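Here are my notes for you to read with the model open beside them. Take the points in order and find each spot as you go.

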Amino acid sequence: MANSVYQINKGINQPIEFKGLKAQYIWYLGGGVVVLLVLFAILYFIGLPSLVCVGIIGGTGTLLVMKIYGMSNKYGEHGLMKALARKQVPKTIKSRSRKIFLRKA
């Protein structure tokens, strides 16, 4: 087997990028591959034919790669965390009492 050596070029103040994936998306893809490996083992031990297992894992893996590359391109290094934080901010703040505004320090 030939050993592959991959260069990870990282400039000053630039996120790590590997084959188009930026920052944390490299870890998300690695975790997804591990989950797919475990899912394949479970499906195989259940007794499904191996070609069916390969088909299910292949289709799911394709969707996983497309989704993660899409998120990497859409959000970039910090955009996903910003989008999730933005969802946590309430749209409105309701106050049924004026006490909070009349309190003296």
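1. One term before we start: two residues are in contact when they have heavy atoms within 4.5 Å of each other. Keep in mind, too, that this is a predicted model.

2. Which residues does Q24 touch, leaving aside its neighbours within four places in sequence? They are E77 and L80. Q24 is also buried: its relative accessibility is 16%, and the cut-off for buried is under 20%.

3. Now look at the pair of helices. Helix α1 covers residues 25–46 and helix α2 covers residues 50–75. Their axes lie 10 Å apart, and the helices pack at an angle of about 165°. Angles over 145 degrees count as roughly antiparallel, so α1 is roughly antiparallel to α2. The crossing of the two, α1 and α2, is right-handed.

4. What sort of residues make up the contact of α1 with α2, by class? You'll find 18 nonpolar and five polar residues there, and no charged ones.

5. Stay with α2 for a moment. From its first C-alpha to its last, this helix of 26 residues reaches 37 Å. That is close to the 38 Å expected at 1.5 Å a residue. Just after α2 comes G76, and its phi is positive, at about 75°.

6. Which residues of α2 are buried? Try to pick out C53, I57, G61, I68, M71 and S72 on your screen. The buried residues of α2 pack against β2 (21–22), α1 and α3 (79–88).

7. L64 is also in helix α2, but L64 is partly exposed, with a relative accessible area of 22%. That follows because buried means under 20% and exposed means over 50%, with partly exposed in between. Setting aside neighbours within four places in sequence, L64 is in contact with L29, G32, V33 and L36. For a sense of distance, the C-alpha atoms of L64 and K99 are separated by 51 Å, and these two residues are 35 apart along the chain.

8. Last stop: S95, in the loop between α3 and α4 (99–102). Is S95 buried or partly exposed? Its relative accessibility is 46%, so S95 counts as partly exposed. Beyond its neighbours within four places in sequence, S95 is in contact with I100 and F101.

Key
Residues are numbered from 1 along each chain as its sequence is written. This is a predicted model: local features need pLDDT of at least 70, side-chain atom pairs count only at pLDDT 80 or more; totals for chains, interfaces and linings use all residues. Side-chain values use heavy atoms; hydrogens and water are left out. Axes are lines fitted to C-alpha atoms, for helices over the stretch in contact, and angles run from 0 to 180 degrees between N-to-C directions. Helices (H or I, at least four residues) and strands (E, at least two) are DSSP runs, numbered from the N terminus. Angles under 35 degrees count as roughly parallel, over 145 as roughly antiparallel, 65 to 115 as roughly perpendicular and the rest as oblique. A crossing is left-handed if the near helix is turned anticlockwise from the far one by less than a right angle, and right-handed if clockwise. Ala, Val, Leu, Ile, Met, Phe, Trp, Tyr, Cys and Pro count as nonpolar, Asp, Glu, Lys and Arg as charged, and the others, Gly among them, as polar. The expected span of a helix is 1.5 Å times one less than its number of residues. Buried means under 20% relative accessible area, exposed over 50%, partly exposed in between (1.4 Å probe, protein chains only).
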